[in-house]
Amino acid sequence: MFHQRPAQAAALVEGNLAAQDLAEALRLAGFSLPSLHGDLPTITDKALVHLGGASAELVRELAAWIRQRA
């Protein structure tokens, strides 16, 4: 059985909140990353966000959208 340390649990919550925040912002721009979620910290206890799971087409559309506004 896997047991999370309190710092890991807090980081996972923070990662999920950050992922939700990004998902809302992306939705406003017309994008959705299907596998966007908080992830367990690895070496440090810092919050992480897993951004994977998007098609290459979607990633290129998002990159173009960002470039147009940068």
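The structure is a predicted model, in which local features need pLDDT of at least 70 and side-chain atom pairs count only at pLDDT 80 or more, while totals for chains, interfaces and linings use all residues. Residues are numbered from 1 along each chain as its sequence is written, and side-chain values use heavy atoms, with hydrogens and water left out. Helices (H or I, at least four residues) and strands (E, at least two) are DSSP runs, numbered from the N terminus.

**Nonpolar core**

- The largest nonpolar core consists of eight residues, namely Ala-19, Ala-23, Leu-26, Phe-31, Leu-33, Leu-36, Leu-58 and Leu-62; such a core is a set of buried Ala, Val, Leu, Ile, Met, Phe, Trp, Tyr and Cys residues joined through side-chain atoms within 4.5 Å.
- Two or more residues of this core come from each of helix 1 (6-28) and helix 2 (56-69), and helix 1 gives the most, with three residues.
- In soluble globular proteins, nonpolar side chains tend to be buried together.
- Leu-58 is in contact (heavy atoms within 4.5 Å) with Phe-31, Ser-32 and Leu-33, when its neighbours within four places in sequence are left aside.

**Aromatic pair and its surroundings**

- One aromatic pair is counted, under a rule by which rings of Phe, Tyr and Trp (its six-membered ring) pair if their centres lie within 6.5 Å, with planes under 30 degrees apart counted as stacked, over 60 as edge-to-face and the rest as tilted.
- The pair is formed by Phe-31 and Trp-65, whose ring centres are 6.0 Å apart and whose planes stand at 70°, so the arrangement is edge-to-face.
- Because Phe-31 lies in the loop between helix 1 and strand 1 (37-39) and Trp-65 in helix 2, the pair ties together parts that are 34 residues apart in sequence.
- Phe-31 is buried, with a relative accessible area of 8%, whereas Trp-65 is partly exposed at 30% relative accessibility; buried means under 20% relative accessible area, exposed over 50% and partly exposed in between (1.4 Å probe, protein chains only).
- Ala-29 is also found in the loop between helix 1 and strand 1, and is partly exposed with a relative accessible area of 24%.
- The C-alpha atoms of Ala-29 and Trp-65 are separated by 8.6 Å, although these residues are 36 residues apart along the chain.

**Salt bridge**

- The whole structure contains one salt bridge, defined as a side-chain nitrogen of Lys or Arg within 4 Å of a carboxyl oxygen of Asp or Glu.
- This salt bridge joins Asp-45 to Arg-5, with the closest N and O atoms 2.5 Å apart.
- It links distant parts of the chain, 40 residues apart, since Asp-45 is in the loop between strand 1 and strand 2 and Arg-5 is in the segment before helix 1.
- Both partners are partly exposed, Asp-45 at 33% relative accessibility and Arg-5 at 42%.

**Contacts of Gln-4 and Leu-12**

- Gln-4, in the segment before helix 1, is partly exposed at 27% relative accessibility.
- Not counting residues up to four places away in sequence, Gln-4 touches Ala-9, Leu-12 and Leu-40; its C-alpha atom and that of Leu-40, 36 residues apart along the chain, are separated by 9.1 Å.
- Leu-12 lies in helix 1 and, with its neighbours within four places in sequence set aside, is in contact with Gln-4, Gly-38, Asp-39 and Leu-40.
- Leu-12 and Asp-39 are 27 residues apart in sequence and 5.8 Å apart in space, C-alpha to C-alpha.

**Surface patch**

- Leu-22, Val-49 and Leu-51 form a nonpolar patch on the surface, together having about 220 Å² of accessible area.
- Leu-51 is placed in the loop between strand 2 (48-50) and helix 2, and counts as partly exposed at 48% relative accessibility.
- Patches are made of residues with over 30% relative accessible area and no salt bridge, like charges being joined within 9 Å and nonpolar side chains (Val, Leu, Ile, Met, Phe, Trp, Tyr) within 5 Å; accessible areas come from the Shrake-Rupley method with a 1.4 Å probe, and for residues only the protein chains shown count as cover.
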